[in-house]
Amino acid sequence: MFSWLGKQGGGRERGGGTDVVQTVTGGLRDLYLRKLLPLEEHYRFHEFHSPALEEADFENKPMVLLVGQYSTGKTTFIRYLLEQDFPGMRIGPEPTTDSFIAVMYGETEGNVPGNALVVDPKKPFRKLGRFGNAFLNRFMCSQLPNEVLKSISIIDSPGILSGEKQRISRGYDFCQVLQWFAERVDRIILLFDAHKLDISDEFSEAIKSFRGQDDKIRVVLNKADQVDTQQLMRVYGALMWSLGKVIDTPEVLRVYIGSFWAHPLRNTENRRLFEAEAQDLFKDIQSLPQKAAVRKLNDLIKRARLAKVHAYIISYLKKEMPSVFGKENKKKELINKLPEIYIQLQREHHISAGDFPEVKKMQEQLENCDFTKFHSLKPKLIEAVDNMLANKIASLMNLIRQEESNMPTEMVHGGAFDGTMAGPFGHGYGEGAKEGADEEEWVVAKDKPAYDEIFYTLSPINGKISGISAKKEMVTSKLPNSVLGKIWKLADCDGDGMLDDEEFALAKHLIKIKLDGYELPGTLPSHLVPPSHRKPFQTAE
């Protein structure tokens, strides 16, 4: 699809003193190195928020992070997508996955341990070394030749603990690691079990670590086939209530309901719902390669806005520090007054409150800093970032649109994604307007006798009823006029403003399709054309 899926080097040419951006990847990397990185380094942004970005961060494939309590089906979900086992996979009702596993494409199957992984410049994990050996011993890369992994990578996380188990220390800051991944992945999928809806303290902290990444979060209610329809309704309501307490956003999160494993459904009454939900989730994941450039651009803008705010905070603290005496007391005073400083900076520099880092966390980090070593405000560094946001980003958006139009659409293929594409088991096959597509007999014929009875009560003249007569019958469906108008247009095959018995039967069939919850076709499929209208209809086409 786009240039980051390939291995093009460089990103710009120098000619006549101007920089000509060749690829989106190169443009993003160039903007970061020349405009944003100097500001981050000058005000020690990397110590407070996020490590510096590297080459692999711009070149890597889209990544999907799976998070959930143990035994909610995270590893099984990956197995379901790939349709094959991957090295290091363990599945069971107990907390089996005790490591972060990056499932990525490789020509041969194998595992790469964490300590080796963080020194590989081709992988986007080098900055994870700062979490120490306790984490690296629980981190690995599982490589295998799989068609799905040619387009995306999947990060499996340890099952989040609940009850007494969450008191056990992992030996590293679990939420900080999740936050690091959240800033770099394209999609965060929170998995819940229909029988395990409680959000433990550790899970709550994990979700809060995704602050600022709300647009990436999707929720999957897994194992939904294990409850009946009435129970599922209550489970869904309980899940939304639980999420509302930990996710501080006015929008309702998108929840996909289904059973994501290759086993028979225990309750089949919601099969159609599960299939539709799975199709929606697959479409969302399949679109990630296409949207990856926009996501990276969006993340760079978020980072730039945070870096600007951080620079204002650090330079303000530096300005307020005394030159000789009372430094420690002044430092404590400034840390305590940080919420008021935020408000002052918001007014002074016209910054949104949502761009500021969390007050409590910032106060904790400032406790260990020497304010006298902070730098004063450098307007040129701020201006460079402002110029990047105001002008350079717009040109990159144009470049993204050019690459989209010049290159074929890249979608995720292989594994479970191919199983839903075509054939009789494809989503919607043989349903709604597609019913009867592979049958010789006209699909409307089986209900035509009942429709004929209604037709002849409408007093046809010369074998046809007028639009007024047809309207009286069609409005009894209680469908809106906009829908009935479309049905009339599809059913009036010869366009004479009247309906014969076959056209009327077709109109009633289309009404039934809409009332059953299916969408109407844009144009009338050939298998729905009434037999007596097929030759002239096809000639007109």
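Reply: Start with Arg218, which is buried, with a relative accessible area of 16%. Buried means under 20% relative accessible area, exposed over 50%, and partly exposed in between (1.4 Å probe, protein chains only). This is a predicted model: local features need pLDDT of at least 70, side-chain atom pairs count only at pLDDT 80 or more, and totals for chains, interfaces and linings use all residues. Residues are numbered from 1 along each chain as its sequence is written, and side-chain values use heavy atoms, with hydrogens and water left out.

Me: Where is the place of Arg218, and with which residues is Arg218 in contact, leaving aside neighbours within four places in sequence?

Reply: Arg218 sits in strand E9. Helices (H or I, at least four residues) and strands (E, at least two) are DSSP runs, numbered from the N terminus. Contact means heavy atoms within 4.5 Å. Leaving aside neighbours within four places in sequence, Arg218 is in contact with Arg187, Ile188, Ile189, Leu190, Arg254, Tyr256 and Asp284.

Me: Which backbone oxygen does the side chain of Arg218 reach?

Reply: That of Asp215, at 3.1 Å. A polar contact is a pair of N or O atoms within 3.5 Å; within protein, one must be able to donate a hydrogen and the other to accept it, and residues adjacent in sequence count only if both atoms are side-chain atoms.

Me: Which side chain joins that of Glu59 in a polar contact?

Reply: The side chain of Arg29, at 3.2 Å. Glu59 lies in helix H3 and counts as buried, at 17% relative accessibility. Now look along the chain. Glu59 and Lys123 are 64 residues apart there, yet their C-alpha atoms are separated by 9.1 Å.

Me: Next, helices. What should helix H9 span?

Reply: The expected span of a helix is 1.5 Å times one less than its number of residues. Helix H9 (residues 229-246) has 18 residues, so it should span 26 Å; its end C-alpha atoms are 26 Å apart, which agrees.

Me: Which residues of H9 are buried?

Reply: Leu232, Val235, Leu239, Ser242, Leu243 and Val246. Seen down the axis of H9, they fall within an arc of 95°, so they line one face of the helix. The arc is that of the directions from the helix axis to the C-beta atoms. The face of H9 turned away from the buried side carries the exposed residues Met233, Arg234, Trp241, Gly244 and Lys245.

Me: What do the buried residues of H9 pack against?

Reply: Strand E8 (187-193), helix H8 (201-208), strand E9 (217-222), strand E10 (255-257) and helix H10 (271-286). Check the N-terminal end of H9 too. Asp228 caps it: a side-chain oxygen lies 3.3 Å from the backbone nitrogen of Gln230.

Me: How do I read phi?

Reply: Most residues other than glycine have a negative phi. Arg44 has a positive one, near 55°. Arg44 is in the loop between helix H1 (24-42) and helix H2 (45-48), and at 22% relative accessibility it counts as partly exposed. His350 also has a positive phi, of about 55°. His350 is in the loop between helix H13 (338-349) and helix H14 (359-366). At 72% relative accessibility, His350 counts as exposed.
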